[in-house]
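Please look over the structure shown below, with its sequence beside it. The report that follows goes through selected helices, core residues and backbone features in turn.

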Amino acid sequence: MFFRLRPLSILWIAAVVFCQSTLAHVPERTGVVIVGGGITALVAAYKLKQQGIPFHILEKNPYVGGRVATAFYTVKGEKLYANSVMEEYWESNPIVPLLQELDLPLKPSESISSIVLDGKIEAYLPGERKQEFLKRVLGTQRFRRLKHFEKNTLRVLKKVSKHEAGGLPPRLRRLTELSFASWVLKQRLPKKVSDWIRISVEAEIGRPWNQISALDGIAEYSIFLGQGERAFQVIGGNQVLIQKLIEKIGADSISSNILVHRFEIKPNEVLVHYRDRTTNEVRQINASFGVSTIPLHQLNQVQFSPALPQAKIEAIRTLKWGTYFKAHVIVSPEAEKYYSVSGQSLLPLLSDSDLGVIYDQLAEESSKTRILTLLLLGKSAQKLHHKSRTEAEEFIRGRLEQFWPGISSEIFGIELYADYPRSIAAWPPGRSRFDALSDAVRTPEHRFYLAGDFTRSSHSDGAVQSALDVIKDILSKLRRPQDPHSCERLLK
């Protein structure tokens with residue numbers, strides 16, 4: 001939690017709220033030990049709780065929630081909030097049914113926004129359907145070419161869905177050797193169409209489109225096909241979801257400030273060695289099953305006994321990363337005139353400029369103060385991760401001024417969220433989330449599982465799906481009557 005005072009009698013306080021968990025006692029033994037306290041761990045624990053399977057979560061930070069976080073601000077006495085890392089959940093994300101099951105208030109939005117093409121802002125009009133918008137922006141002939149491209153994309157996706165991971169036929173495997181840029185450009189689309197595709201996908205992967213395989217670019221573009229998927233935001237911020245999951249799971253099953261340093265994997269149990277960062281005591285917890293949600297690129301900080309198989313190590317070594325850098329820009333009500341046309345806001349605005357994607361995070365319709373959320377990505381994000389916070393703030397302020405001259409005078413303050421330079425997984429040419437190496441990552445070692453978004457996709461859908469897959473596999477093992485760790489034995 002941090003506080004900063006601003007001059008000119010403007011006081012604003014920013015606090016990132018991750019939903020504090022109580023420092024529960026770590027038991028010596030449990031049914032399933034889950035390392036990490038992000039969305040993967042919480043969903044997995046929620047599913048285990050529903051089945052009555054004992055579990056315990058170990059989180060290294062003094063809070064849980066990970067990248068699912070909300071920031072709260074007080075500006076001139078007005079309370080505001082905006083999501084500090086993750087914005088929304090796409091319709092195909094398996095967490096959406098869970099959000100509905102938990103009866104959380106949701107705000108839907110369409111998969112379309114204003115966009116900068118050929119140096120011109122193409123404004124999305126309220127109430128306009130996506131296909132109408134694209135036809136107006138691209139023109140009839142270019143729009144037809146885009147539709148033809150989308151048919152090709154859908155055809156590939158249908159073929160992929162028929163095959164198991166790692167078992168793709170040669171024709172589809174060849175799409176892992178090409179970059180997404182090469183695959184699109186081979187179709188000789190008009191530049192305005194290919195730019196639309198490039199900018200849309202790069203915003204999703206946080207990396208240039210020539211640095212991911214064609215098959216993974218196709219997977220990322222799937223949310224834009226046709227009218228596109230809807231997205232959902234939790235009203236009140238993502239912390240509403242985290243609080244609800246903690247309530248359902250039980251805070252007594254979550255221990256924070258626990259740093260895991262070794263996994264000892266045996267045929268019928270998993271021993272997790274850890275250090276309690278509060279007492280500095282080194283201990284271990286024994287479990288019938290172990291689940292690590294530690295991001296794959298951080299696994300080199302943990303010892304494995306025995307060592308992970310070479311296929312897993314090679315999969316992690318050859319995986320790349322998309323980079324994001326997020327900023328909340330607190331602006332006065334008068335700032336809206338800079339990003340509006342005829343009284344209608346241009347936001348959200350998608351571009352390949354240094355500012356990336358710009359959202360208008362208006363928490364409540366009655367709010368006067370605005371929060372502009374900037375999602376800088378790729379090379380721009382990488383540059384900012386190497387700058388001081390003062391330099392990064394000056395960079396953002398300057399770029400906004402270039403974009404909308406005069407808007408800097410309406411800025412109350414800027415808060416930066418730079419905790420995750422390796423924000424999401426990206427599979428480069430030669431790799432794919434569908435290949436045999438990715439399949440190896442998702443294959444358990446006896447009763448030990450690697451989970452999280454990095455094991456399955458580039459976003460929270462992968463985080464949630466991996467949790468569901470792991471719990472499904474654990475339950476299938478527990479339902480075997482001959483298993484010495486069956487449900488009945490775990491519940492005794």
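**A loop serine and the basis of the model**

Ser 342 lies in the loop between β18 (340-341) and β19, where helices (H or I, at least four residues) and strands (E, at least two) are DSSP runs, numbered from the N terminus. Ser 342 is exposed, with a relative accessible area of 76%; buried means under 20% relative accessible area, exposed over 50%, and partly exposed in between, with a 1.4 Å probe and protein chains only. Although Ser 342 is not a glycine, its phi is positive, at about 55 degrees.

This is a predicted model, in which local features need pLDDT of at least 70 and side-chain atom pairs count only at pLDDT 80 or more, while totals for chains, interfaces and linings use all residues. Residues are numbered from 1 along each chain as its sequence is written, and side-chain values use heavy atoms, with hydrogens and water left out.

**Helix α7**

Helix α7 (residues 191-205) has 15 residues and reaches 21 Å from its first C-alpha to its last, close to the 21 Å expected at 1.5 Å a residue, the expected span being 1.5 Å times one less than the number of residues. Because 14 of the 15 residues of α7 are buried, the helix is largely enclosed by the rest of the structure. After α7 comes Gly 206, which has a positive phi near 60 degrees.

Lys 192, in helix α7, is buried at a relative accessible area of 14% and touches Leu 117, Asp 118, Glu 122, Val 137, Leu 138 and Arg 142, not counting residues up to four places away in sequence; contact means heavy atoms within 4.5 Å. Glu 204, also found in helix α7, counts as buried at 11% relative accessibility, and its contacts, again not counting residues up to four places away in sequence, include Trp 90, Glu 220, Tyr 324 and His 459. The C-alpha atoms of Glu 204 and His 459 are separated by 8.5 Å, although the two residues are 255 residues apart along the chain.

**Nonpolar cores**

A nonpolar core is a set of buried Ala, Val, Leu, Ile, Met, Phe, Trp, Tyr and Cys residues joined through side-chain atoms within 4.5 Å. In the largest, which has 48 residues, Leu 146, Phe 149, Phe 180, Trp 183, Ile 197 and Tyr 221 touch the most other members. Helix α7 gives the most to this core, with seven residues. Apart from this core lies another, of 43 residues, among them Val 32, Ile 39, Leu 48 and Ile 57.

**Helix α1**

Ala 44 lies in helix α1 (residues 39-51) and is buried, with a relative accessible area of 4%. Not counting residues up to four places away in sequence, Ala 44 touches Ile 34, Ala 467 and Ile 471.

In the contact of α1 with helix α9 (residues 239-249), Ile 39, Leu 42, Ala 45, Tyr 46 and Lys 49 of α1 meet Leu 241, Ile 242, Leu 245, Lys 248 and Ile 249 of α9.

**Cis peptide bonds**

Most residues other than glycine have a negative phi, and most peptide bonds are trans. A cis peptide bond joins Ser 305 and Pro 306, with omega about 0 degrees, and Pro 306 is found in the loop between β15 (303-305) and α10 (310-317). Another cis peptide bond, with omega about 5 degrees, joins Leu 347 and Pro 348, and Pro 348 has its place in the loop between β19 (344-345) and β20 (349-350).
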